[in-house]
Amino acid sequence: FFFFFFKQKTAYEIAQRLVGSEMCIRDRVSTQSTWDSIFTQEEMTTRPLVSVFGQEGVDTITGQVKMPKVFQAPIRLDIVQFVHDNIARNKRQPHGVYEKAGMQHSAESWHTGRAVARVPRVGGSGTRRSSQAAFGNMCRKGRMFAPLKIWRRWHRKVNVTQKRHALAAAVAATAVPALVMARGHRIMDVPEIPLVFDKISAEKTKDFIGLLKKFGAKSELDRCHESKKIRATKGKMRNRRYVLRKGPLLIHGDSDQKKALTAARNIPGLDLMNVHRMNLLNLAPGGHIGRFVIWTKEAFAALDKVFTVEKTGYTYASPVMTNADLGSIINSDQVQKILRPAKPNHKTHVNQKKNPLKNKAAMKKLNPFAPEIVKMEKAAEEERKKARATAAKTHRGLKKAGKKWMKAVLAGLVESMVPPPKAKEIYDDEEVKSVHEEMSEQEEEEKKEEKEEGKDEGKKEAKKEAKKEATKEAKKEEKKAGKEETKKEKKGKKQFPFIAQSHSYITNTAVSYTHLTLPTSDLVQISVVAVSLKKKK
């Protein structure tokens with residue numbers, strides 16, 4: 001048979017090594033010179049007996065059992081998959097959509113003439129639902145397209161003979177170690193495939209687990225135990241919350257059924273099956289052949305009876321190829337002399353057009369000077385990089401020197417400032433002095449008044465009212481005087497209070513006078529006067 005259905009490449013390599021070994025019941029037939037011997041295979045097995053192991057361990061072989069004929073059946077993966085897919089559909093439960101879903105609206109079409117679609121619309125007014133479309137599968141709260149009904153073709157009928165061929169192929173595949181390993185089972189420590197026990201004496205689960213560990217199935221049990229995970233889909237809400245990898249399958253007879261159920265039913269990944277009620281869904285889960293099966297002696301011996309007496313009129317399928325060694329057939333002289341010799345490797349697209357902008361060789365053919373141009377461009381780019389680096393370096397040096405010079409200038413600016421003669425004249429003016437003296441006297445009087453007002457609250461209110469009246473009268477007098485004076489005199493009078501304020505501000509702080517919102521010429525005069533006042537003080 002062919003090994004075209006392996007899941008992994010390693011499985012194919014293992015099959016090539018194990019076919020013909022002690023573990024496998026199918027041996028490769030040695031190639032012979034005659035045509036008939038290549039295409040025929042008289043003996044399917046060279047190991048007609050299988051060892052039966054006791055409960056103590058691998059070393060205790062209690063006897064041997066004749067290999068049933070079902071293990072010589074052809075392994076037809078196509079039949080197994082077809083039958084499995086059809087049988088698996090027979091346990092589906094009918095489901096569908098509620099027949100009135102999306103149709104329970106009081107809706108009617110508006111027909112033509114209103115510049116809207118003719119889909120039925122909900123009647124009424126005063127709510128958002130009114131005039132909204134209904135019923136259609138494109139409408140909100142509408143029914144689905146072609147609502148699912150429960151009267152569908154859920155189940156499938158499969159031919160009886162076809163089911164029996166599939167079952168025989170699945171049983172035969174359990175005896176090929178390469179197929180068992182390709183399915184994912186870990187059987188590297190198992191002494192023999194198929195594995196047959198004389199009986200099941202363990203009545204407790206821990207005793208049966210210990211028995212399996214003795215025969216090298218510990219890694220297989222661990223694989224199943226560690227694979228338990230929560231299902232990814234909605235099935236987690238439908239009583240099938242967890243998923244688990246499939247482990248060993250224990251096939252027993254009628255006498256071992258009670259002990260097998262009590263001892264092995266609670267082991268993760270382990271399934272039980274009676275030999276008289278074998279099921280393809282357990283022998284090839286998912287349609288993948290090669291499950292790790294553990295037989296009891298009674299079940300193994302009953303296989304011939306099951307496929308002959310119980311399945312009346314059944315004969316095993318004839319193999320597609322009597323000799324599975326495809327390599328010997330192809331490499332035989334009889335086949336090779338008919339075949340034509342292999343053609344030499346003929347190059348196609350010899351004169352393929354190359355893009356000279358991407359292919360350097362094509363560009364060189366068109367322009368022999370192209371490599372020199374590339375070199376010149378690289379040299380020019382390096383020179384530009386050097387020039388940019390030197391320019392950046394000089395710029396950083398100049399920037400640093402400029403900052404240093406600016407700090408020195410600002411540090412010596414205050415010390416070197418001397419009031420010009422114009423500023424002296426302004427300060428020496430008698431009017432400026434009198435304004436300054438009046439302002440200082442007013443400040444002293446206000447401080448004294450504040451102290452006195454703190455003693456008597458009643459006096460405070462009276463003084464405030466008196467102040468308000470005095471200010472009103474002062475404003476009236478200023479208005480009268482302003483009408484008489486010219487605009488130039490007004491400007492001159494306004495400047496003097498600012499000079500006094502700037503003097504009082506600068507004496508308390510440093511020479512920062514940029515807060516005054518005046519023209520630049522006036523600011524210079526005020527700053528010079530303020531600095532000179534500070535020096536004299």
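Reply: What follows starts with a pair of strands, then takes the salt bridges, the loops and a surface patch.

First, the ground rules. The model is predicted: local features need pLDDT of at least 70, side-chain atom pairs count only at pLDDT 80 or more, and totals for chains, interfaces and linings use all residues. Residues are numbered from 1 along each chain as its sequence is written, and side-chain values use heavy atoms, with hydrogens and water left out.

Start at strand β8, residues 249-252. Strands (E, at least two residues) and helices (H or I, at least four) are DSSP runs numbered from the N terminus. Leu249 and Ile251 point to one side of β8, Leu250 and His252 to the other. All four are buried. Buried means under 20% relative accessible area, exposed over 50%, and partly exposed in between, with a 1.4 Å probe and protein chains only.

The neighbour is strand β9, residues 271-274. β8 and β9 run parallel and are joined by four bridges. Two strands pair if DSSP finds at least two bridges between them. Ile251 has Met273 of β9 as its bridge partner.

Side chains of opposite charge can pair when their charged atoms come close. A salt bridge here is a side-chain nitrogen of Lys or Arg within 4 Å of a carboxyl oxygen of Asp or Glu. Asp271 forms one with Arg291, and the closest N and O atoms are 2.8 Å apart. Arg291 has a relative accessible area of 0%, so it counts as buried. Lys246 joins in as well: Lys246, Asp271 and Arg291 are linked in a network of salt bridges.

The whole structure holds seven salt bridges. Among them is Asp78 with Arg76, closest N and O atoms 2.9 Å apart. Asp78 counts as partly exposed because its relative accessibility is 44%. Arg76 is partly exposed too, at 26%. Another salt bridge joins Arg388 to Glu381, at 3.8 Å between the closest N and O atoms. Arg388 is partly exposed at 48%, and Glu381 is partly exposed at 29%.

Now the loops. Most residues other than glycine have a negative phi, and most peptide bonds are trans. The bond from Ile193 to Pro194 is cis, with omega near 0°. Pro194 lies in the loop between α5 (177-182) and β5 (195-197). His111 is not a glycine, yet has a positive phi of about 60°. Its loop runs between β3 (107-108) and β4 (121-122). Ala146, also not a glycine, has a positive phi of about 50°. Ala146 is in the loop between β4 and α4 (160-173). At 45% relative accessibility, Ala146 is partly exposed.

Last, the surface. Lys464, Lys468, Lys472, Lys475, Lys476, Lys479 and Lys480 form a positive patch. Patch residues have over 30% relative accessible area and no salt bridge, and like charges are joined within 9 Å. Lys and Arg count as positive, and the charge of Lys is placed at NZ. Accessible areas come from the Shrake-Rupley method. Lys479 lies in helix α18, residues 457-484. Is Lys479 buried or exposed? Its relative accessibility is 61%, so Lys479 counts as exposed.

Conventions:
Patches are made of residues with over 30% relative accessible area and no salt bridge: like charges are joined within 9 Å, nonpolar side chains (Val, Leu, Ile, Met, Phe, Trp, Tyr) within 5 Å. Accessible areas come from the Shrake-Rupley method with a 1.4 Å probe; for residues, only the protein chains shown count as cover.
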